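Dear colleague,

Please find below the structure that I am handing over to you, followed by an account of what was found in it. I would be grateful if you could read the two side by side.

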Amino acid sequence: MTGVFKMRYAEVGYNLEVDLTSGNIERVETDPKQTELYLGGLGISSKLMWDRVPPETEPFSPDNLLIFSTGLLCSTPAPGANRTIVTTISPQTRLMAFSMMGGFFAPELKYAGYDHLIIRGKSEGLVYLWINNDKVELRDASHLQGKGAVETQELIKQELGEPKAHVAAIGLAGENRVFFASIEQGRSSASRQGIGAVMGDKRLKAIAIRGTRSDISIAHPQEFIELCDEVMQFIEHRQANPIPGVMPILAILGSPQEMLHVDEKWHTESFVWGNARERIKGYWTKDIEKKWKETQESVRTRLISCYNCPIKCGAVISVPGIASYMMKCFSKLTYTMAAYSDLDFGFRIAQRATEYGIDGFSGPQVMAFAVELREAGILTDKDFEGCPSDNEGIFYWLLDRIVRREGIGDALADGTYWAAKKIGKGAEEFAHNTIKKHEQVPIKLGMLNPIYFLMYATGEKINITQIEGQFPQAPFATMEDKQEFVKDWIQVPDEKYKEYFLKWEPRGEFSMPFYPGIEACCEIVDWMERMHYIDDSLGICAGLSSFPLKPPYHIHNYPKFIHAGAGLEMDSAGLTKIAKRNRNLVRANNIRRGMRRADEKPPENHWRRRFPELEEKLLDGYYKFKGWNRDGIPTKESLQDLDLAYVAKDFEERGILKNGQS
Amino acid sequence: MAKVKKTIKTITVDVDKCNGCRACEMICSAFHAEPKYSSNNPERSRIRLIRLPLQDIYLPVYAGEYAEAECAGRNKYIIDGKEYSECDFCRASCPSRDLFKEPDSGLPLKCDMCESEPPLEEPLCVKWCINEALVYEEREEEVEEQVEIEDLERSLKVLLDDFGEEKLIGTLARLTQGEPR
């Protein structure tokens with residue numbers, strides 16, 4: 001750093017570095033040049049991972065970092081700028097994991113004076129980190145051992161006498177290094193890819209923050225507040241005018257509004273039950289609807305939001321007789337559908353699972369996988385000794401074993417991919433719903449969708465919901481509806497996306513899998529992914545941006561937000577380049593850890609009708625479009641174009657890219 | 001004193017509609033930054049949300065008058081099965097708590113309904129609360145004419161309480177005459 005003072009806008013300009021081995025804690029000034037290159041959030045955290053976590057690093061090594069990043073716009077008045085991006089090496093995928101959460105953690109960290117919290121090392125005993133502005137300390141957490149993730153947050157706030165602190169905590173699953181353990185925080189959680197297990201391995205039970213001293217400055221205040229006003233007005237407009245022709249949970253903003261809506265016809269009939277196995281057509285009857293409505297309305301105390309966001313994606317759930325907890329989105333149904341049970345069971349078991357701190361996608365699938373293995377005789381009654389005989393009881397019993405790694409729970413705690421390898425005897429056949437060793441959304445469809453094929457195959461965010469969004473999931477039936485849809489589709493980066501959509505038909509020459517064509521598919525996927533990468537570097541919730549159709553934030557107003565907020569010169573081409581740089585840096589981390597084309601495969605049975613030749617061509621086309629070689633490795637030229645020459649050099653030194661070749 | 005017509009500005013707080021997002025705190029602190037919107041920090045806000053989701057408690061409270069001493073109010077209120085302290089409902093910036101004080105100086109904060117030139121349509125906490133937990137209303141009332149306490153006067157009152165009349169007058173005299181300390 002030079003001695004010249006540079007005013008920092010939107011960000012605070014300091015990181016907090018905590019070494020759990022030595023107990024050393026430092027506040028470190030950051031280089032504003034890095035902000036210009038990577039913005040913040042995922043961009044900065046993937047750079048930190050690249051610089052400081054070499055590919056030999058094991059997930060459960062003290063050298064693995066656990067980074068809590070705020071996005072560049074977090075804590076500015078921009079609505080929904082509240083996301084925390086948690087980055088580490090995943091025990092499950094063994095790749096770079098980045099799981100995100102909303103809530104209040106990122107804003108609190110920033111108001112305490114830090115953009116990124118970087119944790120390394122491993123504590124001897126269980127501890128928690130208490131960040132009270134510039135007073136930061138590690139405190140004994142032995143009395144919190146085995147406590148629930150929600151319970152822990154409340155206990156820490158009580159013992160600190162700080163009801164306004166925000167706490168991120170792990171439960172028993174994290175402590176016992178369950179590969180799909182989550183980090184829970186208020187109404188939110190960072191659940192995917194086992195980041196809670198890394199936190200547990202570091203013997204870090206929780207992080208509590210109170211931030212009151214750091215003002216967040218804005219470069220061009222008047223301009224910025226006008227942009228915020230426009231976004232708020234758009235949100236009001238969109239919520240009052242749902243998009244016609246799409247299912248209710250996708251017609252408005254936010255993550256799917258499953259706490260609000262009772263109507264689950266689409267999920268219960270289109271998604272699959274059990275171990276991601278079967279669709280139940282005609283499930284959603286009047287009787288079910290009536291029963292589920294009663295259940296949902298009797299336990300839902302209130303719909304709630306994250307920091308500075310009007311959309312109510314979450315809810316406080318209070319089932320009589322058990323402790324209250326908070327829920328959002330699809331975890332409402334994952335336990336219900338995995339166990340072929342009902343909504344009441346779903347709400348009850350999710351309370352226990354949330355306290356244990358596990359991922360609501362992977363957890364239920366792992367349990368349903370165990371049930372299938374027992375039915376197939378691969379797991380025996382001996383493995384299930386002491387297990388109740390009723391269906392719901394089996395799931396509670398499995399959950400309790402998994403988070404304690406007791407008996408068969410020990411293998412299952414590694415997720416379906418690794419558990420199947422440990423169990424053997426053909427168990428691999430039953431771990432059928434993974435990509436890159438990680439459980440996927442439980443959905444099985446008929447005809448290959450070329451757009452979704454590319455997103456599933458190449459996504460490194462692991463969850464499809466973190467890649468999809470801007471382009472409708474299916475063609476509309478009539479030209480009239482299509483024209484109505486494109487009329488106010490201001491979010492498209494280019495008019496050609498409207499053409500693709502207008503021409504797209506449910507049947508015939510212009511239908512899937514051969515339409516949209518390869519080049520169009522590449523462009524559509526690239527656009528959708530780009531918007532997610534921008535969100536993740538700015539800390540804006542995908543629910544107001546990259547996930548729903550026609551959102552308030554898009555490629556045309558984002559550059560203005562960055563300019564007015566952070567004072568960086570920006571246009572849509574410049575922002576696209578940063579998103580591309582960050583995308584390639586994530587991939588570079590994973591390529592260096594061994595990820596290749598062979599890993600980029602959706603589950604065999606994801607679609608009934610597959611087209612191997614077309615799929616190869618799609619992948620070839622997309623890699624080329626992205627500037628990656630046939631094996632999915634970014635080429636030297638494309639890396640250099642993105643100011644990532646240091647990655648190209650490293651690739652050459654490691655023999656990943658051959659000298660003189662791309 | 002004479003009767004005068006006065007516009008009474010009120011905000012109706014419907015706690016059942018509060019979604020707990022704290023946008024009201026954020027935008028209040030941004031509006032009152034110098035220059036306007038140049039920074040924000042909810043700790044500087046003149047509205048604070050008491051937010052305890054697991055107890056279903058959401059209570060936006062506005063900053064009112066400065067109180068030089070804490071009061072005897074330690075009662076508990078139970079409303080619909082939820083426990084509040086008497087303090088929770090109080091608008092005062094008072095010595096018993098760190099609410100409604102500038103974090104750097106400790107000087108008291110008070111809601112001014114976002115008074116500005118030209119006037120805003122409604123206070124910004126209301127504008128940003130699109131879930132309508134906060135709703136603004138104006139009505140005319142006849143009231144006794146009285147002198148408003150200005151910001152400066154309120155701040156001076158705090159200093160007066162803290163340091164006493166003699167010290168304050170002495171310091172002021174010294175500062176204004178440029179006498180060396």
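**Pairing of strands across the interface**

Ser217(A) stands opposite Ser39(B), a residue of strand E2(B). The model is a predicted one, and the description that follows should be read accordingly. The strands concerned are E13(A) and E2(B), the latter covering residues 39–40 of chain B; they run antiparallel and are joined by two bridges.

**The interface as a whole**

On the side of chain A, 42 residues are in contact with 33 residues of chain B. Between them the two chains bury about 3200 Å², and 53% of this area is on carbon and sulfur atoms.

As to specific interactions, four salt bridges are counted between chain A and chain B. One of them links Arg210(A) to Glu43(B), with the closest N and O atoms 3.1 Å apart.

Which elements of chain A each supply at least two residues of the side that touches chain B? They are helix H3 (105–111), helix H4 (149–160), strand E13 (216–217), helix H7 (221–240), strand E14 (300–304) and strand E16 (325–328). The element that gives the most is H7(A), with eight residues. By residue class, the side of chain A that touches chain B divides into 21 nonpolar, 11 polar and 10 charged residues.

**Chain B and its aromatic pairs**

Chain B is made up of four helices and seven strands. Read from the N terminus, its elements follow the order β-α-β-β-β-β-β-α-β-α-α. Taken along the principal axes, the C-alpha atoms of chain B fill a box of roughly 60 × 40 × 35 Å.

Over all chains, the count of aromatic pairs comes to 41. Among them is the pair of Tyr77(B) and Phe89(B), which is edge-to-face, with 6.1 Å from centre to centre and 65° between the planes. Tyr77(B) belongs to strand E5 (residues 76–79) of chain B, whereas Phe89(B) lies in the loop between strand E6 (82–85) and helix H2 (124–128) of that chain, so the pair ties together parts that are 12 residues apart in sequence.

Yours sincerely

Terms used: Residues numbered from 1 in each chain as written. Chains lettered and ligands numbered in written order. Predicted model: local features only at pLDDT ≥ 70, side-chain atom pairs only at ≥ 80, totals over all residues. Heavy atoms only, no water. Contact = heavy atoms within 4.5 Å. Buried area = accessible area lost by both parts, 1.4 Å probe. Salt bridge = Lys/Arg side-chain N within 4 Å of Asp/Glu carboxyl O. Nonpolar A, V, L, I, M, F, W, Y, C, P; charged D, E, K, R; others polar. Pairing = 2+ DSSP bridges. Phe/Tyr/Trp six-rings, centres within 6.5 Å; stacked < 30°, edge-to-face > 60°.
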